[in-house]
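I wanted to go through this one with the coordinates open and jot down what I looked up as I went. Here are the sequence and the model.

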Amino acid sequence: MLALVRLDGNAHGMIVRREIEERTGRNISIGAVYATLERLEAKGYVSSFTGDPTPERGGRAKRLFRVEAAGKRALQISDQTIRRLTTGLKDRWRTI
Amino acid sequence: MSRSSPPTFACWLLKTVVPTPYREAILGDLIEEYTLRTESTSRFTASRWFWSQTCRSVPSMVWSSLRSRDCLMSMSIAMSVYIVMEILAYAADLTISKWVAPQPTTHVILAPIIFLTTTAIGGCVAARFRPGATIVLALMVMITVAISIDLKVCTIPVPWWYEFGFLTLGPLAVIITPTLFGRLKQRGAVT
């Protein structure tokens with residue numbers, strides 16, 4: 001969902017996969033990306049719409065995703081929770 | 001296979017496994033990336049990447065399919081097709097044993113032809129409704145043949161390879177025939 005926010009809406013699966021790969025260094029499959037996006041869509045956090053078919057895609061249409069208001073709220077809550085949980089732990093990282 | 005066309009079997013596997021709402025999008029994404037990769041690297045490297053993406057996507061897609069009840073639909077289609085297939089095979093078998101060839105030897109020769117024809121037709125019908133149903137149908141055929149062999153349904157003594165042929169060629173006919181018909185159709189459309 002963070003990748004979708006970074007891509008500023010209108011992103012399709014392969015772009016999301018590339019973004020995650022570049023930022024995390026983890027090689028993930030396109031299937032895993034779509035399975036996650038499908039779950040997020042079922043929860044109402046993201047929405048999708050079909051783009052136009054292009055010849056370089058073998059005449060297949062893109063499925064474009066964007067983050068919805070509920071998704072943005074969920075992200076903010078997660079961010080605040082992580083911040084609260086990690087506050088004051090900076091010095092302890094060195095000892096762990 | 002042209003320079004920019006991805007591995008055919010990998011595409012077929014994805015078409016079969018990926019749930020309908022995302023099938024076109026996933027295939028399109030992979031084909032687009034594959035085309036870009038063939039321009040910057042060798043076709044072998046691009047194909048290897050395509051295969052790795054396919055193999056790693058299949059488990060998550062199967063799980064997603066099970067969650068979305070897509071699999072239940074495939075199973076019910078496969079079951080319905082299987083019942084029709086069995087009725088057809090039984091009718092053909094009955095006709096042959098009663099009127100055309102009452103001798104057991106002729107029956108042994110004709111039985112595989114009836115079996116393969118009905119499984120091939122079944123595969124085509126299942127694929128027309130839902131590509132995923134062909135895999136389920138092939139598994140059903142394999143399981144029932146294995147049970148028939150184990151229960152020794154065939155009373156006529158036959159060599160092991162005869163039964164093994166039923167076990168392997170039946171599921172293969174279910175899977176391969178729709179793909180072959182699809183390719184023939186594509187060629188027909190091109191010419």
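**Bookkeeping**

I'm working on a predicted model, where local features need pLDDT of at least 70 and side-chain atom pairs count only at pLDDT 80 or more, while totals for chains, interfaces and linings use all residues. Residues are numbered from 1 along each chain as its sequence is written, and chains are lettered from A and ligands numbered from 1 in the order in which they are written.

**Chain A, overview**

I listed the elements of chain A and got 5 helices and 3 strands. Helices (H or I, at least four residues) and strands (E, at least two) are DSSP runs, numbered from the N terminus. Read from the N terminus, the order is α-β-α-α-β-β-α-α.

Next I checked burial: 28% of the 96 residues of chain A count as buried. Buried means 20 or more other C-beta atoms within 10 Å of a residue's own, exposed means 12 or fewer, and partly exposed is in between, with C-beta atoms placed from the backbone.

Then contacts, meaning C-beta atoms, placed from the backbone, within 7 Å. In chain A, residues 24 or more positions apart make up 40% of the contacts with a separation of 6 or more.

**The sheet in chain A**

I traced the strands and found an open sheet of 3 strands, ordered β1-β3-β2, with antiparallel pairing. Pairing here takes at least two DSSP bridges between two strands. β1 (11-12) and β2 (46-54) are the edge strands, each pairing on one side only.

How many bridges join β1(A) to β3(A)? I get 2, with the strands running antiparallel. A:A11 sits opposite A:F65, and A:H12 faces A:L64.

β2(A) and β3(A) are also antiparallel, over 7 bridges. In that pair, A:T50 stands opposite A:R63 in β3(A). The two strands form a hairpin with 5 residues between them, and A:G58 in the turn has a positive phi of about 70°.

**Chain B, overview**

Of its 191 residues, 32% are buried. Residues 24 or more positions apart account for 75% of the chain B contacts with a separation of 6 or more.

**α5 against α6 in chain B**

I picked this helix pair to look at in detail. α5 (residues 104-129) and α6 (residues 131-150) of chain B pack at about 150°, with axes 6 Å apart. The axes are lines fitted to C-alpha atoms, for helices over the stretch in contact, and angles run from 0 to 180 degrees between N-to-C directions.

From α5(B), the contact includes B:T119, B:G122 and B:F129, and from α6(B) it includes B:P131, B:L137 and B:V141. By class, the contact has 7 nonpolar residues, 4 polar and no charged. Ala, Val, Leu, Ile, Met, Phe, Trp, Tyr, Cys and Pro count as nonpolar, Asp, Glu, Lys and Arg as charged, and the others, Gly among them, as polar.

**B:V108**

B:V108 is in helix α5 of chain B. Buried or partly exposed? I find B:V108 partly exposed, because 15 other C-beta atoms lie within 10 Å. Leaving out residues up to four places away in sequence, B:V108 touches B:I156 and B:V158. B:V158 is 50 residues apart from B:V108 along the chain, and their C-alpha atoms are separated by 8.2 Å.

**Where A meets B**

The contact takes 17 residues from chain A and 20 from chain B. On the chain A side, α3(A) gives the most, with 6 residues. That side has 6 nonpolar, 5 polar and 6 charged residues. I also noted that α2(B) lies across β1 and β3 of chain A, at about 100° to β3(A).

**Cores**

The largest nonpolar core has 29 residues, and A:L4, A:Y34, A:V46, B:I26 and B:L30 have the most contacts inside it. Such a core is a set of buried Ala, Val, Leu, Ile, Met, Phe, Trp, Tyr and Cys residues joined through C-beta atoms within 7 Å. The largest share, 7 residues, comes from α2(B). A second, separate core of 20 residues includes B:Y82, B:V136, B:F166 and B:A173.

Technical notes
Contact = placed C-beta atoms within 7 Å.
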